[in-house]
Amino acid sequence: MPPQDETRASNGITAGQGVADPHERRRAALLRSVPETDETTPLAAQLAEDARRRIKLQGTHFPKPRETRIFTIANQKGGVGKTTTTVNVAAALATGGLNVLVIDNDPQGNASTALGIEHQSGVPSIYDVIIDDVPLGEVLQPCESVPGLVAAPATIDLSGAEIELVSMVARENRLRNAIRDHVESRKAEGLEPYDYILIDCPPSLGLLTINAFVAAREVLIPIQCEYYALEGLTQLLKNIELIRGHLNTDLHVSTILLTMFDGRTNLAREVAEEVREHFPGETLEATIPRSVRISEAPSYGQTVLTYDPSSTGALAYREAAHEIAKRGAEANTENDGRVSQVAAQSQKEKS
C-alpha cells in the first residue's frame with residue numbers, strides 16, 4: 001500500500017473517501033497535526049490521544065441496526081460501573097443519531113437519577129408496568145439533555161416487586177411482554193422504531209434480573225479491571241446459560257466492556273489481557289478509564305457526555321458506543337453474505 005494510502009487507512013479513511021469528501025480530508029489533516037508522544041510524557045500523551053478521539057468522533061453518525069437491539073447490562077458484582085455504563089452508552093448512542101430507550105429495572109433508581117428523570121414515589125414507573133400491566137409507553141419520560149433518548153424510571157416501589165412477582169403467572173416474561181407490546185404499538189402508530197433498548201438491572205439474580213435477561217437478546221457485561229471482578233464472571237456466565245437453556249434461547253453475551261481501567265498499573269493491564277484472551281470476540285477495544293468526571297456527573301443529574309463532553313471519560317464512552325454500533329452493522333453485512341451464498345447455492349442446485 002502506498003504511504004499516502006496507509007496514512008488514510010490508519011485514520012479510518014479509504015483512498016476514495018480521502019479524495020471525494022472534503023470533511024474527511026480535513027479530519028485526516030487534523031489527525032496528522034496532533035503531535036506524537038510516548039510514555040515519558042504521560043499527560044501530553046493523554047491530551048494527544050483525547051485530541052485524536054475528539055477529531056475522529058466529531059460529527060460522526062452511528063450506523064443504525066436493521067432491527068431493535070435489546071441489551072441487558074449485567075454483572076452480579078456491585079460497583080463495576082454497570083449503571084454508569086448503561087446511561088453513558090445510551091447517551092452516546094443517542095448523540096450519534098440513534099433512538100434509544102433505557103429501562104431502569106433497579107430499585108435503587110440510579111440510572112433514572114443520572115438521566116435527570118423524575119423517579120420519586122408515586123411517579124409512573126417500571127414497577128407499574130411489571131406488576132400492574134400498565135403499558136410501557138405510559139411511563140416513559142424523555143431525557144431533556146439528550147435528544148433521542150427516553151427512559152422508563154424506577155421508583156422505590158420496585159423494591160417490593162421481587163416478592164409480588166413470586167405468585168404471578170409467567171412471572172419471568174412480564175418485562176419481555178411489555179417491551180414487545182410497546183414496540184408493536186409504536187409500529188402500528190407509524191412511529192420510528194427504537195434502535196437500542198438498554199435494561200439496567202440489580203447486581204443479583206432475582207426475578208427482576210431474570211425478567212431483564214428474558215426480555216433481551218444480548219448481554220453487555222462491564223468488568224472492572226481488578227481481580228475480584230473476574231471471580232464473579234464465571235458464575236454470571238453459568239446463570240446466563242441457565243436462562244438461555246430454559247427461558248430465552250436467543251440470549252447471548254455479545255459485548256464485554258472493561259471499566260475503571262488504569263493503564264499505569266500492572267494489575268489493570270493483566271486483567272485486561274486475561275479478559276481479552278478468554279473473550280476475544282466479545283471484548284471491546286475501547287476501555288473506560290477511572291475518571292472523576294464520570295463519578296461527578298450523576299450528582300448533577302447528568303451523564304458524563306452532557307456534564308463534560310470533552311473529558312476523557314465522555315470520549316471513551318462515545319468510542320465504546322460507536323464500536324457497539326459498528327459491530328451491529330458488520331454482523332448484518334455478514335448475515336447478508338451468508339444468505340446470499342445460501343440463495344446462490346440453492347439456485348445452482350435447481351439449475
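I looked up the buried residues of helix 5 and found Lys82, Thr83, Thr85, Thr86, Val87, Asn88, Val89, Ala90, Ala91, Ala92, Leu93 and Ala94. The model is a predicted one. I noted that 12 of the 14 residues of helix 5 are buried, so this helix is largely enclosed by the rest of the structure.

Next I checked the length of helix 5, which covers residues 82–95. I then looked just past helix 5, where Gly97 has a positive phi of about 95°.

I turned to the aromatic rings. How many aromatic pairs does a search of the whole structure find? I got 2. I found Phe71 and Tyr196 in a stacked pair, 6.2 Å centre to centre with 20° between the planes. I placed Phe71 in strand 1 (residues 69–73) and Tyr196 in strand 5 (residues 196–200), so their pair ties together parts that are 125 residues apart in sequence. Are Phe71 and Tyr196 buried or exposed? I find both Phe71 and Tyr196 buried.

I also looked up Tyr300 and Tyr307, whose ring centres are 5.0 Å apart with the planes at 25°, so this pair is stacked. I recorded Tyr300 as exposed because its relative accessibility is 52%, where the cut-off is over 50%. I recorded Tyr307 as partly exposed, at 22% relative accessibility.

Last, I looked at a charge over a ring. I found the charged end of Arg186 over the ring of Tyr194, 4.3 Å from the ring's centre.

Methods. Residues are numbered from 1 along each chain as its sequence is written. This is a predicted model: local features need pLDDT of at least 70, side-chain atom pairs count only at pLDDT 80 or more; totals for chains, interfaces and linings use all residues. Side-chain values use heavy atoms; hydrogens and water are left out. Helices (H or I, at least four residues) and strands (E, at least two) are DSSP runs, numbered from the N terminus. The expected span of a helix is 1.5 Å times one less than its number of residues. Buried means under 20% relative accessible area, exposed over 50%, partly exposed in between (1.4 Å probe, protein chains only). Rings of Phe, Tyr and Trp (its six-membered ring) pair if their centres lie within 6.5 Å; planes under 30 degrees apart count as stacked, over 60 as edge-to-face and the rest as tilted. A charge sits over a ring if NZ of Lys or CZ of Arg is within 6 Å of the ring centre and within 35 degrees of the ring normal.
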